[in-house]
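Please open the model in your viewer and follow the stops below in order, selecting each named residue as it comes up.

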Amino acid sequence: TRQHQWTINDFEVGAPLGRGRFGHVYCVREKKSKYIVALKAIIKDQISTPRLAKQLISEISIQSRLKHPNILRLYGFFHDDQRIFLLLEYAPGGELYRRMQKEKILRESEAAGYVYQLCNALSYLHSKQIIHRDIKPENILIGVYGILKLADFGWSAERTETNKRTTLCGTLDYLAPEMLNGSGYDEKIDLWCLGVFTYEMIVGKPPFDSQTQQDTIRLIRTNELSFPQAASNHARDLISQLIRRNPSERMPLNEVIQHQWIIENANMKAIDENYEKINKST
Ligand SMILES: COCCOc1ccc(Nc2ncc(Cl)c(NC3CC3)n2)cc1
């Protein structure tokens, strides 16, 4: 369909949903279709460096091409003289990290369901030579039927991209060792983050959490993994097969979804049925 030229007047602006990296996100309704979407308003002046502009362009060009039930859709974008607006899929369940803050730890059945869905999203991305590079609770939303939605492609990269280094911002907890020792990285970096994410969901904090950034970096380098009593043996096994310093030793996605912990804890039948439901409605 030819890209419609949207303006802000096409929408009724509703509740603020939160702040993305560059600006505010609102729940809005398109006046004619009554369709509910999330509108991310980015202040142009804040895109102050060519690198940020490149990152935003990359986010828009990558995410607008992606169509997968576990990846938040980018329907389109438009701008006025002050702002750039992204029309994004509205995820009614909100942000996963808020849920994790409230619940402290998630039941292994819920965590395994998210890991199964994240594997589906990552397999899809990797098949398109796209590395997300920033898998963490802050970038995950919950859609209809509790379906996981991977969002925020500001950090994703086309595999062909030569820039091997990215400036580090935000938490170091999810940083893979190859990012620290400056060597190249490939899509196996997402496997490391998947391991850190799985650990944080069932333990309540990331594996290398410490007081100072230096300590976190030291722990990432020495890769000391410790688990609380409550973590099941299957969960420990999967996590320790993903959090490996050597990227080629990390368990590939197609093996992760067949791991005993996923088989025994994720309700894959219910999740696949939910995929059917949203495929019918979209
Ligand atoms: C007291 O509850 C307040 C927050 O509750 C919600 C928060 C967010 C959504 N959905 C949502 N869908 C898409 C996007 Cl792109 C988005 N981005 C915003 C930056 C997160 N948020 C739903 C509920």
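Begin at the ligand and select Ala91, where a polar backbone atom lies 2.8 Å from a nitrogen atom of the ligand. This is a predicted model, in which local features need pLDDT of at least 70 and side-chain atom pairs count only at pLDDT 80 or more, while totals for chains, interfaces and linings use all residues. Residues are numbered from 1 along each chain as its sequence is written, and side-chain values use heavy atoms, with hydrogens and water left out.

Next, select the residues around the ligand (those with a heavy atom within 4 Å of it), which include Leu17, Val25, Leu88, Glu89, Tyr90 and Leu141. The ligand on its own has 540 Å² of accessible area (Shrake-Rupley method, 1.4 Å probe), and the protein covers 72% of that area.

Of its 64 residues, Leu118, Leu125, Trp261 and Ile262 touch the most other members. Apart from this core lies another, of 16 residues, among them Val25, Ile42, Leu74 and Ala91.

Finally, select Glu103, which is found in helix 2, residues 96-103 (a DSSP run of H or I, at least four residues, numbered from the N terminus). Glu103 counts as partly exposed because its relative accessibility is 33%.

Methods
Polar contact = N/O pair within 3.5 Å; in protein donor to acceptor, adjacent residues only side chain to side chain. Core = buried A, V, L, I, M, F, W, Y, C linked by side-chain atoms within 4.5 Å. Buried < 20%, exposed > 50% of the residue type's maximum accessible area, 1.4 Å probe, protein only. Helix = DSSP H or I, 4+ residues; strand = E, 2+ residues; numbered from the N terminus.
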